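Hi there,

Here is the structure I promised to pass along.

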Amino acid sequence: MGSSPFPSLVASTGVTPVRQRLPRPAESQTRHSTSDIALQSLRAELGVVVGHPAGTPGLLLPRLLFTVFCPYCCRFPGVPRNYDPALHPFEVPREYTRALNATKLERVFAKPFLSSLDGHRDGVNCMAKHPKSLSTVLSGACDGEVKIWNLTTRQCIRTIQAHEGFVRGMCARFCGTSFFTVGDDKTVKQWKMESPEHGEEEEPIHTILGKTVYTGIDHHWKEAVFATCGHQVDIWDEQRTSPMCSLTWGFDSISSVKFNPIETYLLGSCASDRNIVLYDMRKSTPLKKVILNMRTNTLCWNPMEAFVFTAANEDYNLYTFDMRFLESPVTVHMDHVSAVLDVDYSPTGKEFVSASFDKSVRIFPVDKGRSREVYHTKRMQHVITVKWTSDNKYILCGSDEMNIRLWKANASEKLGVLAPREKAAMNYNQKLKEKFQYHPQIRRIAQHRHLPKSIFCQIKEQRIMREARRRKELNRRKHSKPGSMPFVSERKKHIVAVVK
């Protein structure tokens, strides 16, 4: 048998090596001499299975503690780490540097734009998601054309000439077998989701001819019932050609109607007389309405909180309401510099995306008044409609210049399958960024966004106008009788009245 590379340790302990190899050169024994000293010092304290780099034997020490010790890195990977701050005096500076680097890399790799779906011959006016398929999306244009897209291949798989004039609204049935469209030709049409067979003509399943123009449509989440809006809100059964009931409060036209995804008998509508009206389909009567300073274009219900909805307004803001307390919004979301035309929630209910006339798309957290992300391109014009996909990964927006754009919901997210080490590093960096998010340098880098010159100048102009209004109000209060000018919070400034 060959001699052991650890003769001193064997002589002192009487332990036979677990595995024997051919004798190594003298320089190798010299190189391991420091390891022998480390092992001798630990022998009395720990009984360990000693592991070494490839080509050297392992030694079994007397005590049964199954921990692997490597003398080259001088640590025990199997032993829990001691988090005593006294032993890690530079932990916070190290983590701060890592958080700063992670924030910089996040901005470097922020490439949100994925693809453009082109094929429409007029501006995209509305979109709808397939309730059962993540890769299918429907879009309607201003020339009456409806297209069905496959997001996996990013190709149009079907084209329908659905209406004469604008396609004003569209929605898919809850089972995904068909979809409904309304247009300027005063008709409601139901279409099959599947393409017709070879030789079969493209015709709707049902057609309902109305008396007035319908401006919006939405389907019930569980039953064969849908709602349309125009001169009034009509509730329809799919098998009937006349509405089951008609809901109205006032005489102005209604631009949007939406079913609540949780309390499915509740509806919300937006009217051109600045009202947001809530209905209960079981009572066939309106519940209450809130009147704002300016007109609301559309609203969207939170898919996780039954009472919460967000309204997109003409005064450049979005308002998140709790329907039980309409006297003031829960949050006022400000960042757009022109009218907000559409809004859609993420499936988690924690964020929503908005489309604006200022040619940009913004992502807002539900509980914050400022956007966390803004998307824009040189060619993108007024954004009319926007959708957040059901897998919470992508955002779709349709705009005036006939394109549908596909964006990442998280701008710096890496697509595809991630290795376990990549996931661990990503989660670690995310926690570091959350820990140091309020430090000035990290906050400045994380919040910086490049904006088009037009939006940048409008933001600057609106900042000056807000400061002037604040200064004017301060001067009026200073030169008025004490108590004659009460303070009004920002949330209550935009509410005119609540009617029940």
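Let me begin with Met 402, which counts as partly exposed at 33% relative accessibility. Please keep in mind that this is a predicted model. Met 402 sits in the loop between strand 30 and strand 31 (403-408), and it has a positive phi of about 75° although it is not a glycine.

Asn 392 is another non-glycine residue with a positive phi, here about 65°. Its place is the loop between strand 29 (383-388) and strand 30 (394-399). With a relative accessibility of 29%, Asn 392 is partly exposed.

Next, Val 308, which belongs to strand 22 (residues 308-313). Its relative accessible area is 9%, and since buried means under 20%, Val 308 is buried. Leaving aside residues up to four places away in sequence, Val 308 touches Trp 301, Asn 302, Thr 320, Phe 321 and Tyr 345. Asp 322 is 14 residues from Val 308 in sequence, yet their C-alpha atoms are 4.7 Å apart.

Finally, a pair of helices. Helix 4 (residues 91-108) packs with helix 5 (residues 420-435) at an angle of about 105°, and their axes are 9 Å apart. Angles of 65 to 115 degrees count as roughly perpendicular, so that is how helix 4 and helix 5 are arranged. On the helix 4 side, the contact is made by Glu 95, Arg 98, Ala 99, Ala 102, Thr 103 and Glu 106. Helix 5 contributes Tyr 428, Asn 429, Leu 432, Lys 433 and Lys 435. By type, the residues of this contact are 5 charged, 4 nonpolar and 2 polar.

Best wishes

Notes: Residues are numbered from 1 along each chain as its sequence is written. This is a predicted model: local features need pLDDT of at least 70, side-chain atom pairs count only at pLDDT 80 or more; totals for chains, interfaces and linings use all residues. Side-chain values use heavy atoms; hydrogens and water are left out. Axes are lines fitted to C-alpha atoms, for helices over the stretch in contact, and angles run from 0 to 180 degrees between N-to-C directions. Helices (H or I, at least four residues) and strands (E, at least two) are DSSP runs, numbered from the N terminus. Angles under 35 degrees count as roughly parallel, over 145 as roughly antiparallel, 65 to 115 as roughly perpendicular and the rest as oblique. Contact means heavy atoms within 4.5 Å. Ala, Val, Leu, Ile, Met, Phe, Trp, Tyr, Cys and Pro count as nonpolar, Asp, Glu, Lys and Arg as charged, and the others, Gly among them, as polar. Buried means under 20% relative accessible area, exposed over 50%, partly exposed in between (1.4 Å probe, protein chains only).
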